[in-house]
Amino acid sequence: MRLEVANFPVKDVCFNGKTSYNGGVLNINKEELVALALEDGKVAWAELDVAFPGEQTRIVRVRDVVEPRVKVSGPGCVFPGILGPVETVGQGRTHRLSGITVMTSAEYKRTIVEGTAAGRTGFLDMWGPAAALTPFGSTINIALLLELKDGVAELEAHAAIQSAELRVAQRLAETTREKSSAEDAEVFELFETNPSLPRVVYILGCRTAWHEPHSGVAYYGLPIRESLPTFLHPNEFLDGALTSDARRGGKGTFPCTWVWMNHPVVLRLLREHGKRLNFLGVILQRTRFESDFGKQVTAACASQMARLLKAEGAVITRIGPSGNNFIDVMLTVQACERKGVRTVYMTPEWGGREGTELPLLFYVPEASAMVTTGSLDQMLTFPEPSKVIGVGDTQIVELTAGDPPISPWSSFVGDKGYLQDGIDWWGGRHSSCQVY
């Protein structure tokens with residue numbers, strides 16, 4: 001599978017005239033895109049705004065974030081199973097508008113109002129200390145504001161929000177379809193390479209839960225739930241084959257769809273293929289099984305898949321601040337090592353507010369190579385904004401179901417888990433630490 005990704009960077013966004021891209025400037029016909037978002041009959045109201053890096057702007061009630069991409073050749077479409085039929089993607093040519101996002105702020109009347117199954121929102125600061133903790137502090141963010149009709153069930157809310165944001169993102173990327181002169185293009189392919197290079201597989205643990213309306217992660221539009229590990233080509237990530245729960249992709253605790261499309265581990269392994277290693281592909285592993293038996297089965301299955309691929313090494317990561325999930329992935333490390341597959345485990349750590357407490361919830365002696373991607377418990381002060389963008393009442397917002405609401409216009413101290421993709425699950429922010 002050979003995929004060429006052509007890059008069309010956006011340096012400015014204007015709401016005027018025809019929706020078009022020219023010389024780094026994206027013009028948007030607001031009425032056209034609002035009508036596109038309203039095509040789903042469950043969306044009652046829609047609007048667009050834009051936030052630029054460095055502005056004292058806060059975006060609230062964020063549900064999900066996507067990057068505008070479109071397939072111009074090859075089978076299938078971007079976001080297969082959602083915007084088109086289920087057809088294996090990762091081949092041909094795909095155009096991306098880089099440097100911008102479609103960031104969806106949406107509100108609906110929840111039927112699940114508390115607990116981990118409730119839909120959640122996050123926020124984003126375009127300036128200040130929080131902007132450096134997320135990839136979206138440096139992107140131009142086109143805010144898609146949605147209000148859903150009453151009486152919408154949780155999964156219906158997910159589908160309505162997702163279909164609106166993906167259609168808008170695809171329409172923006174369509175502006176490059178007839179353009180052949182991209183700023184740059186990169187080819188991704190798992191070609192035959194030097195057999196002496198180490199054979200490396202990526203095991204990607206995905207926290208899910210049986211009691212939630214959506215599993216949190218979907219593959220070709222199908223939520224992963226009680227599945228056993230699945231093997232896939234890394235190019236599928238780049239064409240949007242993996243997407244997030246659009247009710248709750250707007251926090252630091254779970255990756256949004258944009259991050260799946262720009263997965264830093266997948267991209268780094270693809271770029272090192274044929275140079276430092278032989279990248280075999282990705283094992284997508286559903287984690288957070290409810291029983292010890294389920295944990296043992298998923299660990300055995302993922303490690304056996306790695307062994308059958310004749311992997312010599314495995315990079316292993318996880319998502320979701322769940323102890324259950326952490327144990328599953330640590331047991332997978334153990335199972336791989338016992339089958340002769342050497343592992344590197346990458347994960348954020350707990351460690352408490354000061355970073356001095358025990359960083360790991362569970363440990364196996366085989367986990368001898370681990371990389372931290374930062375703290376789950378970091379607190380910071382969010383300053384007062386000059387502008388707030390968001391759907392609904394922007395005078396007061398609830399950051400997490402059941403928590404006391406706050407005024408987004410105020411300065412407050414909060415957990416970086418409230419921040420849109422504030423927790424770095426995969427090392428994409430290149431964080432470092434210093435011992436004092």
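Three bridges join strand β6 to strand β10, residues 122-125, and the two run antiparallel. I start there, and one caution applies throughout: this is a predicted model.

The bridge partner of V62 in β10 is G122. Strand β6 has other neighbours as well. With strand β9, residues 100-107, β6 pairs in the antiparallel sense over four bridges, and in that pairing D64 stands opposite T104. With strand β23, residues 387-389, β6 pairs in the parallel sense over three bridges. There, I59 stands opposite I389. As background, strands of a sheet pair through backbone hydrogen bonds, either parallel or antiparallel.

How many residues of β6 are buried? The count is 10 of the 10 residues, 57-66, so the strand is largely enclosed by the rest of the structure.

R61 is found in β6, and R61 has a positive phi of about 55° although it is not a glycine. In general, most residues other than glycine have a negative phi. R61 counts as buried because its relative accessibility is 9%, where the cut-off for buried is under 20%.

A second residue has a positive phi: for D421, which is not a glycine either, the value is near 50°. D421 is found in the segment after β24, residues 412-415. At 4% relative accessibility, D421 also counts as buried.

Now the side chain of D328. D328 sits in helix α7, residues 323-338, and with a relative accessibility of 0% it counts as buried. What lies close to its polar side-chain atoms? A polar atom of the D328 side chain lies 2.6 Å from the backbone nitrogen of R288. The backbone nitrogen of F289 lies 2.9 Å from a polar atom of that side chain.

On to empty space. Rolling a probe the size of a water molecule over the atoms shows where such space is left.

The largest pocket has a volume of about 980 Å³. Its lining has 36 residues, and the closest to the pocket centre are P264, V265, R268, M346 and W426. Which elements give two or more residues to this lining? They are α4 (257-261), α5 (264-272), β19 (313-317), β20 (342-349) and β21 (370-375). The largest share, seven residues, comes from α5. By class, the lining divides into 19 nonpolar, nine polar and eight charged residues.

V265 also gives a reference point for distance across the model. The C-alpha atoms of A35 and V265 are separated by 37 Å, and the two residues are 230 residues apart along the chain. A35 is found in helix α1, residues 30-37. A35 counts as partly exposed, its relative accessibility being 43%.

How many cavities of 30 Å³ or more does a search of the whole structure find? It finds two.

The largest cavity has a volume of about 50 Å³. Its lining is R207, E212, G216, S244, D245, R248, G249, F254 and P255. By class, that lining has two nonpolar, three polar and four charged residues.

The second largest cavity holds about 30 Å³ of space. It is lined by R207, G216, V217, F254, P255, W260 and I319. The classes here are five nonpolar, one polar and one charged.

To close, I return to two items. β6 has 10 of its 10 residues buried, and R61 in that strand has a positive phi of about 55°. The largest pocket takes its largest share of lining residues from α5.

Definitions and conventions
Residues numbered from 1 in each chain as written. Predicted model: local features only at pLDDT ≥ 70, side-chain atom pairs only at ≥ 80, totals over all residues. Heavy atoms only, no water. 1 Å grid on protein atoms, 1.4 Å probe; cavity = no way out; pocket = protein on both sides within 12 Å on 5 of 7 lines; lining within 4 Å. Points joined across faces, edges and corners; volume = space filled by probe spheres on them. Nonpolar A, V, L, I, M, F, W, Y, C, P; charged D, E, K, R; others polar. Buried < 20%, exposed > 50% of the residue type's maximum accessible area, 1.4 Å probe, protein only. Polar contact = N/O pair within 3.5 Å; in protein donor to acceptor, adjacent residues only side chain to side chain. Pairing = 2+ DSSP bridges.
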